[in-house]
Amino acid sequence: MDPSNPSPFTSPPQPDFNSTELSSMDYKDRQIHYEIKKRHWQRWVFYIILSVVFLSMTAYVVFVYNENVKLVNNITAANQSLKITTQSLSDSEKQSIERQRQISELEKSLADNQVVLDQKTADLQKATAEQTQLINKYQNFKVKLGSADANIYSFLINFSTGVSAADISKVPLAEYNFGGEDTDEDGLSNAIETALGTDINKKDTDGDTFSDKAEILSRYNPLGTGKLPINPVFSDLNKGLILIQVEQNKAAWYINPKDGKRYFLGSPAEVLQEIEKL
Ligand SMILES: [Ca+2]
Ligand SMILES: [Ca+2]
C-alpha cells in the first residue's frame, strides 16, 4: 500500500488525548454538570414559589371563607335579636292595648258613677228643697188671722205655704182675676195692686211711662227698673200649691202646674170660690 494514498478503509485518525484536550473535556463536563444542577435548582425554586403561591391562595380562600362564615353568623344573630325585639315590642303593644282597654273601662265606669252621683245629687237637692218648703210652710206662715177668715186660713194652712212678696215675685203672673174695683182704671183691681205693691191711684206707679199692668205681664218690675226675678225652679217646686203672701193683704196665689204661672185668688174670703173655678 501506498502510504501517500491512504485507502478509504483506513482507520480514522485517533483523537489526540493529550493533556490539553482532556482538560477541556473536563471543563465542559463540569459546565454541563453545573448547568444541570442550576436547572435542577431553578426547578426547585419554581416549585417552591408555586407552592408558596398556592398555599397563600389557599390561606386567603380559607380566610375569606371564615370571614364570610363570621358575617353570616353575625347576620343570623342580628336576625334572631331582631325577632326577639319584634316579639318583645309586640308583647309591649298588646300590654299597652290591654291597659288602654282597662283605662277605657275605668273611664266608662267613672262616667256611669258620675251619672249616678249627679242623679243622687239632684235627688238630694230636690229632697232638700222639699224639706225647705215644708220648713217654710210651718215656720214662715206668720199670717195674722182676722176672725172672719180664721176658718178659711185654718183650711188653707193644710194646703198652702206662706211666702214673702219677694218669693212670690219669682213666679210669672197669669192674666187672671184682674177684675174688681179699679180706682186708677189701669186694668188691675185694687186688690191685686195691693198684693203686687203697686199704687192703686197710679196707672204707672214708677213713672217710667209703662203702665203697671203692661210691666207686670211682660215680667218687668212695676215698682222700679229692670225685670222681675222670675225663677222657673221656684215655680216648678211650688206647682199645684196655694201660696199665701204674708205681706200686704195676705193674698193667696195658686201656682198652676199647667203653665207654672201664679193665679191671683184674691182675699182669703174669695179663695175657696176661686179654687172651685179652677
Ligand atoms: Ca188699678
Ligand atoms: Ca211703670
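This is a predicted model: local features need pLDDT of at least 70, side-chain atom pairs count only at pLDDT 80 or more; totals for chains, interfaces and linings use all residues.
A residue counts as buried here if 20 or more other C-beta atoms lie within 10 Å of its own. By that criterion, 14% of the 278 residues of this protein are buried.

Let me turn to the overall layout. The protein contains seven helices and four strands. Among the contacts with a separation of 6 or more, 51% are between residues 24 or more positions apart.

The remainder of my talk concerns the sheet. In general, strands of a sheet pair through backbone hydrogen bonds, either parallel or antiparallel. Here the four strands form an open sheet in the order β1-β2-β3-β4, and the pairing is mixed. Strands β1 and β4, the latter spanning 262-266, are the edges, each pairing on one side only. From one strand to the next, the twist averages 30°.

Strand β1, residues 160-163, lies parallel to β2, residues 242-245, with four bridges between them. Within this pair, Thr 161 is opposite Leu 243 of β2.

Next, β2 and β3 run antiparallel and are joined by three bridges, with β3 covering residues 252-255. Ile 244 has Ala 252 of β3 as its bridge partner.

Which direction do β3 and β4 take relative to each other, parallel or antiparallel? They run antiparallel, and four bridges connect them.

Technical notes:
Residues are numbered from 1 along each chain as its sequence is written. Chains are lettered from A and ligands numbered from 1 in the order in which they are written. Two strands pair if DSSP finds at least two bridges between them. Helices (H or I, at least four residues) and strands (E, at least two) are DSSP runs, numbered from the N terminus. Axes are lines fitted to C-alpha atoms, for helices over the stretch in contact, and angles run from 0 to 180 degrees between N-to-C directions. A residue is buried if 20 or more other C-beta atoms lie within 10 Å of its own, exposed if 12 or fewer, and partly exposed in between; C-beta atoms are placed from the backbone. Two residues are in contact if their C-beta atoms, placed from the backbone, lie within 7 Å.
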